[in-house]
Amino acid sequence: MDTLSELAAQGYELFCQLIKKQDLKSKPFQVDDYLLRQGQEITELYWLETGQFSVGYTADNGRHFSLGLFSADNSLLGDVELLTDTRCQFDVRANEAIEAKVLPAALLTEFMQRDPKLAIWLSQSLSYKYQETMATTISRILHPLIYNIALDIEQRFLDARPKVNFGHVYKEAERFGCSERVYRRVVNQLLEMNLVEKVNNQLQVKNIDQLSEFLRS
């Protein structure tokens, strides 16, 4: 008997096949365009084959919290809201030019009724998104800013997260929910500690062992 993970993988493959067979319209997004807006009602979903996008939340007092930068690889946006019958909880913005396929909500419902493996895959995907969101939130709450920035750099060095251009200071500060001045100060601390170095607008790891030791200390 197949495990849930195996059934979810089969559901994902089936979903990709169904998407390819559909004559879906495409919608282009440029840098900083909103794919989804906080509070938006979801009537259609987006299927992204590739592209980078950021996810964030803005409180009523104007403070912004970023959940980080994500790299699409045949990714579905809007499924959380559709499956929970809620409005969009976060802003989703393009970090580069993105071409998205538009998937009507009714079509996704039809897909799920065709094969239970599709529902299993979507349920697993929903669980992963929840876990990833909670891990980011807990890390931001329990650790100082220098830890979170250093962890972000380490993860990109290990290819666990997509590369970013650290020359865009305002975007980096926004990702970590701080001002540009505070972000620059923390980066300068890491540079002075010889844990990282700046090369062509990229913060690169200078000594991975020392950086990892700093994060575990």
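Entry 1. I began at the start of helix 4, where D115 caps the N-terminal end, with a side-chain oxygen 2.9 Å from the backbone nitrogen of K117. I note here that the model is a predicted one, and I read each distance below with that in mind.

Entry 2. I then looked up the length of helix 4, which has 27 residues and reaches 39 Å from its first C-alpha to its last, close to the 39 Å expected at 1.5 Å a residue. Which residues of helix 4 are buried? I found L118, W121, L122, S125, T136, S139 and R140 to be buried. For reading such a list I kept in mind that an α-helix has 3.6 residues a turn, so residues three or four places apart point the same way.

Entry 3. I searched the whole structure for aromatic pairs and found eight. Because Y12 lies in helix 1 (residues 4-21) and W121 in helix 4 (residues 116-142), the pair ties together parts that are 109 residues apart in sequence.

Entry 4. I checked W121 itself, and with a relative accessible area of 9% it is buried. The rings of W121 and F15 have their centres 4.9 Å apart and their planes at 40°, so this pair, too, is tilted. It links distant parts of the chain, with F15 in helix 1 and W121 in helix 4, 106 residues apart. F15 is buried as well, at a relative accessible area of 1%.

Entry 5. Is D79 buried or exposed? I placed D79 in helix 2 (residues 79-84), and its relative accessible area of 1% falls under the 20% cut-off, so D79 counts as buried. Its side chain makes a polar contact with the side chain of K129, at 2.7 Å. Leaving aside neighbours within four places in sequence, I listed L45, L122, S125 and K129 as the residues in contact with D79; of these, L122 and S125 also stand in my list of buried residues of helix 4.

Entry 6. Last, I looked up R37, whose charged end sits over the ring of Y34, 3.7 Å from the centre of that ring.

Definitions and conventions. Residues are numbered from 1 along each chain as its sequence is written. This is a predicted model: local features need pLDDT of at least 70, side-chain atom pairs count only at pLDDT 80 or more; totals for chains, interfaces and linings use all residues. Side-chain values use heavy atoms; hydrogens and water are left out. Rings of Phe, Tyr and Trp (its six-membered ring) pair if their centres lie within 6.5 Å; planes under 30 degrees apart count as stacked, over 60 as edge-to-face and the rest as tilted. Helices (H or I, at least four residues) and strands (E, at least two) are DSSP runs, numbered from the N terminus. Buried means under 20% relative accessible area, exposed over 50%, partly exposed in between (1.4 Å probe, protein chains only). A charge sits over a ring if NZ of Lys or CZ of Arg is within 6 Å of the ring centre and within 35 degrees of the ring normal. A polar contact is a pair of N or O atoms within 3.5 Å; within protein, one must be able to donate a hydrogen and the other to accept it, and residues adjacent in sequence count only if both atoms are side-chain atoms. Contact means heavy atoms within 4.5 Å. The expected span of a helix is 1.5 Å times one less than its number of residues.
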